[in-house]
Protein chains: 4
Amino acid sequence: MEASRSDIEKETGRLEAFSDGVYAIAITLLVLELKVPQELSGPGLRHALAGQWPDYAAFLVSFATIGIMWINHHRLFTLVRRVDHLLLVLNLFLLLGVTVVPFPTSLVSRYLGHDGERLAALVYAGWYVVIAIAFNVLWRYMSSAARKPALLRVPPDSPEVRAIHGQFAFGPPLYALAFVAAFWSAVASLAICGGLALLFLTPPRTLPAGR
Amino acid sequence: MEASRSDIEKETGRLEAFSDGVYAIAITLLVLELKVPQELSGPGLRHALAGQWPDYAAFLVSFATIGIMWINHHRLFTLVRRVDHLLLVLNLFLLLGVTVVPFPTSLVSRYLGHDGERLAALVYAGWYVVIAIAFNVLWRYMSSAARKPALLRVPPDSPEVRAIHGQFAFGPPLYALAFVAAFWSAVASLAICGGLALLFLTPPRTLPAGR
Amino acid sequence: MEASRSDIEKETGRLEAFSDGVYAIAITLLVLELKVPQELSGPGLRHALAGQWPDYAAFLVSFATIGIMWINHHRLFTLVRRVDHLLLVLNLFLLLGVTVVPFPTSLVSRYLGHDGERLAALVYAGWYVVIAIAFNVLWRYMSSAARKPALLRVPPDSPEVRAIHGQFAFGPPLYALAFVAAFWSAVASLAICGGLALLFLTPPRTLPAGR
Amino acid sequence: MEASRSDIEKETGRLEAFSDGVYAIAITLLVLELKVPQELSGPGLRHALAGQWPDYAAFLVSFATIGIMWINHHRLFTLVRRVDHLLLVLNLFLLLGVTVVPFPTSLVSRYLGHDGERLAALVYAGWYVVIAIAFNVLWRYMSSAARKPALLRVPPDSPEVRAIHGQFAFGPPLYALAFVAAFWSAVASLAICGGLALLFLTPPRTLPAGR
């Protein structure tokens with residue numbers, strides 16, 4: 001018996017609603033890291049606010065990165081035709097990655113410009129390597145030609161699928177670069193993460209599509 | 001090949017779900033700024049609660065402002081027919097603005113009635129200028145006649161579009177007024193922001209529609 | 001020109017999504033009031049956890065109350081056919097009420113069993129009076145026979161509408177009772193609020209329907 | 001008069017949206033338990049981060065458990081055809097269980113490795129027993145043959161229903177095992193909870209289906 005179109009949309013719709021909720025909350029909780037300076041005079045407040053640049057930098061990079069991850073998640077699921085149990089589980093692993101982001105963000109906010117900043121940046125960029133891998137695992141499973149019936153509603157060799165393959169393959173090595181850079185400089189590592197967010201903000205068709 | 005009506009609704013639907021999540025969380029996180037006074041006797045508690053008026057004022061203005069922004073977002077997207085990559089990115093910038101609101105709110109709560117209140121109000125009103133500009137950029141892009149096929153499902157010269165053009169054009173200069181007022185008085189600046197929220201709460205057709 | 005059925009559902013759907021988000025977040029933020037006791041030995045921990053009964057009581061009453069309010073909101077909107085600007089604004093006022101609930105909850109948690117507990121209970125029950133009034137205002141507007149075309153998809157004299165009228169009319173006076181009780185006893189006031197949540201948990205048709 | 005298919009989907013859809021919101025927020029609030037160590041040198045930070053293993057362990061077990069509960073909730077509601085008042089109330093009890101999870105998680109994070117760890121683990125595992133029972137109560141009600149018209153869209157003796165019966169029946173005794181284990185060892189209790197999450201992550205058809 002074939003499930004109706006409407007049942008299938010409800011099925012993927014709820015996975016998307018849960019995922020959207022997790023993304024929306026993780027991206028909004030980042031603001032809790034922006035602390036109001038306490039007990040200061042007027043000029044002291046100006047200096048204190050300016051001195052919080054690591055907080056703002058870490059906030060912006062994390063916001064942009066989670067935002068990009070949401071756009072990518074959205075793109076993947078516009079191609080999905082049906083959902084199975086393992087897809088739910090792999091998506092949960094990806095959401096674990098997204099959910100944790102406020103913690104390394106907070107670590108970088110706190111330690112940038114202090115002793116321990118390189119360790120903080122290692123954790124931060126390293127976590128993005130983990131998420132990039134989780135994205136690739138999810139996508140490889142979704143687009144696998146071995147699944148019958150297919151989870152995607154486009155064939156595995158369609159241009160959309162190949163474009164995403166091409167773009168996603170860059171994620172883990174590029175974040176690994178940010179990870180390695182953190183052994184030398186925390187600021188450089190964070191800047192690479194920020195640059196990657198900007199890069200992935202550009203539409204996918206302008207990136208090499210793996211052919 | 002034309003995407004079906006149902007695909008398009010799913011597409012915009014998910015952008016709306018993510019945006020609704022961010023708005024709902026940002027507006028609800030504001031309550032975390034309302035702190036319970038500690039270690040006080042009965043009469044002391046009454047004074048302490050009454051003395052927190054800056055917290056309540058900042059909470060109410062921010063709640064009303066985010067609420068209005070949600071209603072406006074909702075209005076814009078009832079006109080949307082399809083979503084493209086740049087629209088997702090511009091919407092993300094707008095959500096960045098919304099997400100951050102609890103931080104300047106907290107700043108105003110903390111400093112209103114103290115040294116540094118004008119700087120706090122400058123940051124607060126200045127941030128609303130940024131959001132008002134982000135709204136205009138998003139809307140100009142959405143309603144641009146140059147996009148083919150159009151992102152809106154009504155023509156660029158329809159009354160709905162012109163009414164929104166007219167209303168939105170007022171946002172940045174009016175919030176700039178609140179920003180400038182903060183150089184003289186933090187309370188006046190906050191009052192202007194509150195007044196603008198009330199103004200935008202009135203239905204759009206009662207505002208000048210730009211003709 | 002008549003809006004299509006699908007447009008209308010999208011319209012009310014998004015209002016519901018935003019409202020569901022606010023309810024879900026407000027109800028979940030309550031858990032942040034449950035604090036883990038610090039720096040205690042094993043037996044000390046047991047006493048400390050048991051000594052937090054005001055936290056648990058306030059949490060449960062607030063959880064049940066927000067839950068009931070969500071069920072009622074859900075019931076109202078199953079009857080809605082279309083949404084207008086003032087309905088969005090009145091709904092926003094109701095959500096303001098819901099969003100704030102963690103603050104008086106926290107106040108009761110902190111002061112129950114201490115000096116100031118009656119003031120805390122006054123604020124708590126008083127806030128529920130405000131929300132009950134906001135619910136009635138929203139509902140009167142939704143069900144008004146004066147709105148053309150009607151916002152509801154059932155006639156103003158249908159049994160569903162009259163049943164809700166009957167149930168909602170009880171809200172403000174009953175919460176006012178809890179408010180008045182707080183002048184004598186904070187525990188009694190909180191118990192009344194809890195009892196009202198249980199009462200409203202029973203299906204509506206078992207309550208007097210106003211005829 | 002029969003409600004249309006579209007009305008029914010809207011009805012269950014909103015219950016799912018609210019539930020998804022609560023699950024998404026509860027699972028994301030867990031990250032607030034991961035605290036950034038303060039005021040430490042570089043090597044001190046490494047030790048401090050490594051010394052937070054109870055936080056990471058409790059976070060992972062709770063994340064996996066809430067994630068599994070969401071997948072199970074999702075599975076149940078794919079079978080639902082209509083919603084009644086008592087189903088809303090029973091679902092609210094289940095969500096109460098989910099919402100509270102960050103509190104026992106925080107308790108375990110704080111006390112694992114210290115005096116009081118067994119009490120913390122008792123509360124933690126005991127709470128999962130409560131949730132498992134709430135799941136069974138909700139499911140028994142949903143799948144009851146006595147409800148006319150049926151809440152499910154499959155008959156009470158269908159394979160899907162029997163498979164879920166079989167799987168859910170294991171929940172309370174297995175979490176009770178983790179509860180009992182906490183009298184001897186907090187770590188063993190937490191490990192059992194983690195193992196159960198992994199077990200329930202496997203697709204349902206690989207578990208005994210009660211025949």
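**Figure 1. Buried residues of helix α5 in chain A of the predicted model.** The buried residues of α5(A) are Pro102(A), Phe103(A), Pro104(A), Thr105(A), Ser106(A), Leu107(A), Val108(A), Ser109(A), Arg110(A) and Tyr111(A). The structure shown here and in the views that follow is a predicted model. Helix α5(A) is mostly covered, with ten of its ten residues buried. Just after α5(A) comes Gly113(A), which takes a positive phi of about 90 degrees.

**Figure 2. Chain A and its helices.** Chain A holds eight helices and zero strands. Read from the N terminus, its elements follow the order α-α-α-α-α-α-α-α. Chain A has 211 residues, of which 46% count as buried. Among the contacts in chain A with a separation of 6 or more, 81% join residues 24 or more positions apart.

**Figure 3. The contact between chain A and chain D.** In this view, 26 residues of chain A are in contact with 26 residues of chain D. On the side of chain A that touches chain D, two or more residues are given by each of α1 (5–29), α4 (85–100) and α5 (102–111) of chain A. Helix α1(A) gives the most to this side, with ten residues. By class, the side of chain A that touches chain D has 16 nonpolar, five polar and five charged residues.

**Figure 4. The contact between chain B and chain A.** Chain B brings 26 residues to this contact, and chain A brings 26 residues. On the side of chain B that touches chain A, at least two residues each come from α1 (5–29), α4 (85–100) and α5 (102–111) of chain B. Helix α1(B) supplies the largest share of this side, ten residues. The side of chain B that touches chain A is made up, by class, of 16 nonpolar, five polar and five charged residues.

**Figure 5. The rotation that relates chain B to chain A.** Chain B can be laid on chain A by a turn of 90 degrees and a shift of 0.0 Å along the axis, with an RMSD of 0.0 Å. Of the residues of chain B, Gly21(B) comes closest to the rotation axis, its C-alpha being at 4.3 Å. The copies use different surfaces, as 12% of the contact residues of chain B recur in chain A.

**Figure 6. Helices α6 and α7 of chain D.** Helix α6 (residues 117–143) and helix α7 (residues 159–181) of chain D have axes that come within 8 Å and cross at roughly 160 degrees. An angle over 145 degrees counts as roughly antiparallel. Helices α6(D) and α7(D) are therefore roughly antiparallel to each other. The crossing of α6(D) past α7(D) is left-handed. From α6(D), the residues that make the contact include Leu122(D), Ala125(D), Gly126(D), Val129(D), Ile133(D), Asn136(D) and Trp139(D). From α7(D), they include Val161(D), Ile164(D), Phe168(D), Gly171(D), Pro172(D) and Tyr175(D). The residues of the contact of α6(D) with α7(D) divide into 16 nonpolar, four polar and no charged.

**Figure 7. The surroundings of Leu119 in chain C.** Leu119(C) is found in helix α6 (residues 117–143) of chain C. Is Leu119(C) buried or partly exposed? Leu119(C) has 19 C-beta neighbours inside 10 Å and therefore counts as partly exposed; a buried residue would need 20 or more. Leaving aside its neighbours within four places in sequence, Leu119(C) is in contact with Gly42(B), Leu45(B) and Arg46(B). Leu49(C) lies 70 residues from Leu119(C) along the chain, and the C-alpha atoms of the two are separated by 25 Å.

Conventions. Residues numbered from 1 in each chain as written. Chains lettered and ligands numbered in written order. Predicted model: local features only at pLDDT ≥ 70, side-chain atom pairs only at ≥ 80, totals over all residues. Contact = placed C-beta atoms within 7 Å. Helix = DSSP H or I, 4+ residues; strand = E, 2+ residues; numbered from the N terminus. Nonpolar A, V, L, I, M, F, W, Y, C, P; charged D, E, K, R; others polar. Axes fitted to C-alpha atoms, helices over the stretch in contact; angles between N-to-C directions. Parallel < 35°, antiparallel > 145°, perpendicular 65-115°, else oblique. Left-handed = near helix turned anticlockwise from the far one by under 90°. Buried ≥ 20, exposed ≤ 12 C-beta atoms within 10 Å, placed from the backbone. Least-squares fit on C-alpha atoms with pLDDT ≥ 70 in both.
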